[in-house]
Amino acid sequence: MLKFIVGFVLLFLQPVAQAQTFEKTVFVPQPKENESRYFYVPFEVPRNAKSLSISYEYDKKGGANVLDLGVFDARFDAAETNLKGFRGWSGGRRNTIFIAEDSASHGYVAGDIPAGSWRVIFGLYKVALEGAEVKIKIKINEIDRAARVEYETEKAKTFDFPVNREGVFIVPVGSLRWYQGDLHAHTFYSDGNWTIKSLLDYAARNNLDFIGVTEHNTFAHHAELNRLAPQYKNLLVLRGEEVTTYGGHFNVWGLPTGELIDFRVAPQDTARLEKSIAQVRRLNLIASLNHPTALCGGCDWSYGDWTRMDAVEIWNGAWDFQDEAALKKWDELLQPGIRITAIGSSDSHAPPVSEYKNGSPLGTPTTHVKMKKLAQKDLLAAIKSGRVWISADSADSNLEFFASGETRVDIGGSATILNGAIRFNFGAYKFPVGAVITLISNGKVMLKEEIKEINSVFAKELSVEKDAYFRIEVRDAIGKMLALTNPIYVQTKR
Ligand SMILES: [Zn+2]
Ligand SMILES: [Zn+2]
């Protein structure tokens with residue numbers, strides 16, 4: 001009987017998932033230069049909570065205040081030293097988010113709701129001189145209706161888009177082959193409007209062999225990627241992160257599930273950046289600088305030279321003057337002998353459908369990578385070693401470029417020459433007639449030819465006096481980039 005009574009009492013002591021709401025207003029001062037750009041607000045979560053919702057509100061003052069949102073759960077142990085307890089990030093996209101055991105707003109990870117002290121983390125993209133007052137509302141055991149509807153709507157979204165060509169377009173070069181893909185795209189999990197499924201469908205149906213899904217500062221997309229990727233037999237799917245600081249962005253691909261590279265780096269804080277890059281190295285991955293010369297606030301690179309990165313995205317979306325600036329800077333780095341691989345990516349945020357003004361196709365531009373097989377390790381190694389060229393889209397135009405000295409040397413390779421002369425061979429296939437192909441070495445144009453036939457091949461023997469790089473560009477009649485290669489390096493033996 002006593003046993004029964006104790007059990008009965010315990011049943012009543014067990015708190016029912018009771019809804020409670022509390023609000024607080026915090027004052028966020030404008031951060032000083034070199035100060036942390038992250039502001040943490042603690043809140044308590046009771047035992048046996050099943051879900052929570054967080055809303056925040058502040059006066060945007062015409063864009064003078066822009067605060068990003070993220071959440072740490074009770075496992076958070078110290079500010080800015082590790083990512084323990086990180087539950088996700090929504091940037092400036094959402095005013096209200098929810099996290100529950102079985103689902104969460106896109107950008108956040110569903111699961112246990114541990115009791116204890118959680119943190120709201122505000123990313124201080126912009127704060128007005130006089131600071132910002134932020135009203136935070138937290139609901140425990142209640143999923144905000146609007147946030148739930150938003151989540152369900154995003155989840156159910158489908159798109160109709162054209163299928164250009166099914167199948168894989170592979171050009172063999174000896175034991176290696178060229179594969180093509182796009183390494184930079186965003187879904188509902190950060191600030192994009194693709195679903196994971198639509199993104200993978202689009203890639204698979206439009207000649208792409210690999211796709212990097214690079215959300216801003218979150219790993220919440222890993223679970224769905226892991227679930228869907230096995231359905232795409234000929235597509236290599238990479239768990240990516242666009243490490244988004246307020247002083248520049250870089251991409252990391254192939255992260256282990258649930259791994260996040262720390263993005264809490266203040267602009268120009270190169271020492272702190274090094275820590276995040278060290279994290280990338282420990283995982284045997286590579287770091288690729290994104291849109292280094294882009295003009296959007298905080299998009300251009302504030303961490304000095306590019307040499308600490310393995311690759312740089314000199315071509316982001318449709319070719320424009322910002323890409324031209326990035327290309328120029330990259331070429332200037334090559335001249336003193338620095339090797340950093342150029343890549344290109346769409347940075348697509350939405351499918352190319354009429355519904356979205358910012359929609360753009362994946363593969364514009366497309367990065368071509370030469371490797372033995374379509375596998376993550378091979379892909380990253382090939383990018384690091386420069387076996388890469390870029391084309392404006394994923395259609396079947398093809399560029400061939402190799403040097404023939406004692407042996408054949410392809411893009412990314414090094415040729416050693418003895419007698420001072422080396423022959424370069426290049427071919428442009430299915431590029432528009434009237435386009436111009438140039439061979440560039442140490443900042444100078446060595447050869448310029450108009451493409452007169454749909455398939456054109458060229459050869460040029462050049463004498464090389466000192467170590468040099470040679471690379472190819474194809475531009476249309478008005479100078480817009482159609483394709484470019486990474487260099488072949490020539491070393492002279494004296
Ligand atoms: Zn970016
Ligand atoms: Zn991006």
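**View 1. A hairpin joins strand β12 to strand β13.** The model is predicted: local features need pLDDT of at least 70, side-chain atom pairs count only at pLDDT 80 or more, and totals for chains, interfaces and linings use all residues. Residues are numbered from 1 along each chain as its sequence is written, while chains are lettered from A and ligands numbered from 1 in the order in which they are written.

**View 2. Strand β13 has pairing partners in β12 and β14.** Two strands pair if DSSP finds at least two bridges between them. Strand β12 (residues 236–245) runs antiparallel to β13 and is joined to it by six bridges; T245 stands opposite G248 of β13. Three bridges link β13 with β14 (residues 287–289), again in antiparallel fashion, and V252 has A287 in β14 as its bridge partner.

**View 3. Both faces of strand β13 are covered.** Six of the six residues of β13 (residues 248–253) are buried; a residue is buried if 20 or more other C-beta atoms lie within 10 Å of its own, exposed if 12 or fewer, and partly exposed in between, with C-beta atoms placed from the backbone. In a regular strand, side chains alternate between the two faces of the sheet. Here G248, F250 and V252 lie on one side, and H249, N251 and W253 on the other.

**View 4. The strand belongs to a protein with seven helices and 28 strands.** Of its 494 residues, 44% count as buried.

Terms used
Helices (H or I, at least four residues) and strands (E, at least two) are DSSP runs, numbered from the N terminus.
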